Amino acid sequence: MWDYLVDRRGLIAFQAVQHVSLVVQCVVLATGIAIGVAVLSYRSPRISGLANGLSAIGLTIPSFALLGLLLAPFGFGITPAVIAVVFYASLPILRNAVVGLAGVDQSLVESARGIGMSRLATLVRVELPLAWPVVLAGVRVSTQMVMGIAAVAAYVLGPGLGSLIFSGLSRLGGANALNATLVGTIAIVLLALVLDVVLVLVGRLTTSKGIRV
Amino acid sequence: MSETIAERSDERPGSGPTAEARHVSGVSIRLDGVTKQYPGQRTPAVDAVSLEIPAGQIVVFVGPSGCGKTTLLKMLNRLIEPSGGTIYLGDEDVTGQNADQLRRRIGYVIQADGLFPHMTVGTNVGLVPKMLKWGKERVAARVDELLDLVGLDPETYRDRYPKELSGGQQRRVGVARALAADPPVLLMDEPFGAVDPITRQRLQDELLRIQEELGKTIVFVTHDFDEAVKLGDRIVVFDVGARVVQYDTPEAILADPAEDYVADFVGAGATLKQLTLTRVGDVELRQPQVARVGEDSAPVVRRAQAAGDQYVVVTDRRGRPISWPSLAELSRTSTVPDTVDEHLPVVGLHSTLNDALDTMLAASQGGVVVTGRDGVAGVMVVETVMAAIQQTRGEAQG
Ligand SMILES: Nc1ncnc2c1ncn2[C@@H]1O[C@H](COP(=O)(O)OP(=O)(O)OP(=O)(O)O)[C@@H](O)[C@H]1O
Ligand SMILES: [Mg+2]
């Protein structure tokens with residue numbers, strides 16, 4: 001396996017970068033979408049209940065099946081991969097964002113309004129910063145989850161380490177097949193750990209000292 | 001409005017600092033048939049209230065829980081939109097104004113947790129000036145000025161987060177934030193609830209001191225009738241639906257409750273309630289010998305002996321009292337020590353005799369140090385309180 005690794009280090013590194021870049025970009029996009037939807041829904045218990053329900057159901061859809069379904073309209077390539085990864089990534093973030101925003105102390109919101117902050121300013125300066133640690137916890141869960149899902153996206157010829165795993169699996173028994181699968185899988189696990197550490201650091205840097213526990 | 005204040009000082013002859021015609025920066029508030037009907041409720045929470053709150057005075061709302069005090073207060077800054085009626089600030093009808101802009105002109109302090117935990121004390125206090133687009137330096141200067149005003153050292157507290165403050169300090173910051181843009185009107189909804197009695201009393205004293213300086217129009221909601229008597233230039237007693245049962249000075253309400261309901265509310269100990277009407281500044285104080293930290297002890301001891309005192313009041317370099325050692329203790333030292341006595345009983349000139357008595361009892365001492373604007377104003381002893389009780393008793397019986 002070591003020889004395999006050394007031989008292909010260029011390709012593996014390239015695919016690792018592709019993988020991480022797909023995941024990071026998709027998670028960033030998903031965070032934006034999830035916060036947007038959460039902001040629109042958290043004030044109404046009915047709509048936020050609906051959002052939570054959808055997020056729970058969405059997570060039960062097998063990623064393989066969703067990718068297959070996306071093939072019909074979008075064909076092979078990066079588009080269905082991105083759509084699927086963003087979809088899955090946004091679900092845990094959405095749930096946490098709704099919970100986080102709903103959990104902001106109402107007396108603080110009243111206080112903000114009471115000193116003359118507009119609705120928008122209250123959201124941006126008070127509610128979102130206070131909900132942020134909870135949102136970020138969702139982002140961490142999402143990132144871990146879609147590291148794996150992004151690998152499955154290789155099935156529709158998306159970028160990343162998944163292609164290593166799939167090509168290995170399809171040639172199982174052949175030369176280096178097992179090595180390819182193992183290297184792909186281990187790389188994904190390691191990268192997931194690294195990303196998680198990065199997210200913890202991001203959390204430290206973006207959470208006010210006043211609300212850190 | 002100066003007329004009302006002059007009238008007021010006649011009512012409380014010699015009532016010390018509050019009696020002087022004070023500087024007024026507030027504006028009057030007039031409610032005309034203000035009503036709030038919450039959807040799905042049969043009777044309005046606030047039913048056609050008309051009320052005039054004079055400029056520069058503290059008007060306290062009291063009444064049973066659920067009678068509509070908070071609803072009425074929040075209609076003043078339109079956190080709750082009235083279903084009917086008109087509200088005037090000065091001569092200006094504010095019922096149709098942009099609510100956000102209106103609120104920047106009205107300070108607002110709520111019971112607890114009003115400070116934003118993710119912002120420093122300085123940021124919290126500077127929020128409204130910043131919204132009003134003051135320059136950076138002006139905001140910073142204002143923040144320091146306000147922290148000073150509420151008795152918090154800016155250097156120490158500016159960059160702290162709310163969770164790093166005690167409950168009482170948080171309330172002070174809340175008041176500072178509300179005052180930041182120098183609003184003519186301050187709305188306070190049970191701002192000193194949920195703090196211990198001694199801290200509460202200090203906060204009340206501070207508010208009175210600040211008010212003496214600033215002369216805002218303050219509307220203050222409380223459950224505590226003693227607090228109402230202490231703080232209020234006038235008290236509004238409400239019943240369900242925010243019906244105004246009585247609107248008068250504390251003295252008048254205590255002396256002559258308008259309905260049985262008010263008498264019940266005021267409570268049976270009305271004679272002792274007079275203790276709440278008399279201020280520490282109204283009675284004669286003893287003048288102790290005052291020594292500064294670091295002075296030579298011997299001359300201080302001699303001075304006190306000459307005056308026939310048993311103790312000396314020691315102040316820190318800013319003139320604030322920190323301890324009152326006996327002459328025996330002091331004569332064992334060469335310079336006046338800077339030990340801070342955590343339990344030193346201290347009240348302000350605005351404190352009531354009731355507060356002073358509470359403070360003495362809490363500290364198990366027979367007297368309290370009284371502080372005024374420029375440091376120590378004197379010492380009040382328990383005998384003075386007793387004499388006041390005797391006197392009001394005599395008046396009540398005779
Ligand atoms: N948002 C609301 N929706 C419906 N009813 C409300 C709402 N807020 C208050 N009420 C009702 O209006 C009435 C007055 O409430 P309010 O909060 O003004 O009372 P309060 O005098 O401040 O009481 P407390 O002394 O307990 O604070 C109460 O009967 C209350 O149930
Ligand atoms: Mg209330």
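1. The largest pocket has a volume of about 1,700 Å³. A pocket is here an open set of points on a 1 Å grid over the protein atoms alone, where a 1.4 Å probe fits, with protein on both sides within 12 Å along at least five of seven lines. The points are joined across faces, edges and corners, and the volume is the space filled by probe spheres set on them.

2. The model is predicted: local features need pLDDT of at least 70 and side-chain atom pairs count only at pLDDT 80 or more, whereas totals for chains, interfaces and linings use all residues. Residues are numbered from 1 along each chain as its sequence is written, chains are lettered from A in the order in which they are written, and side-chain values use heavy atoms, with hydrogens and water left out.

3. The lining of the largest pocket comprises 45 residues, a lining residue having an atom within 4 Å of a point. Nearest the centre of this pocket lie Arg202(B), Glu206(B), Arg320(B), Val346(B) and Thr371(B). Elements of chain B giving two or more residues to the lining include α5 (136–149), α7 (167–179) and β15 (367–372). The largest share, eight residues, is supplied by α8(B). Helices (H or I, at least four residues) and strands (E, at least two) are DSSP runs numbered from the N terminus.

4. By class, 14 nonpolar, 13 polar and 18 charged residues form this lining. Asp, Glu, Lys and Arg count as charged, Ala, Val, Leu, Ile, Met, Phe, Trp, Tyr, Cys and Pro as nonpolar, and the others, Gly among them, as polar.

5. Turning to the interface, 25 residues of chain B are in contact (heavy atoms within 4.5 Å) with 21 residues of chain A. The two chains bury about 2,000 Å² between them, 58% of it on carbon and sulfur atoms; this is the accessible area (1.4 Å probe) lost on putting the two parts together, summed over both.

6. Two salt bridges are counted between chain B and chain A, each a side-chain nitrogen of Lys or Arg within 4 Å of a carboxyl oxygen of Asp or Glu. In one of them, Arg113(A) pairs with Asp100(B), with the closest N and O atoms 3.6 Å apart. On the side of chain B that touches chain A, α3 (99–103), β6 (106–109) and α4 (121–131) of chain B each supply at least two residues. The largest share of that side, five residues, belongs to α4(B).

7. Chain A has nine helices and zero strands. Its C-alpha trace spans about 70 × 40 × 20 Å along its principal axes.
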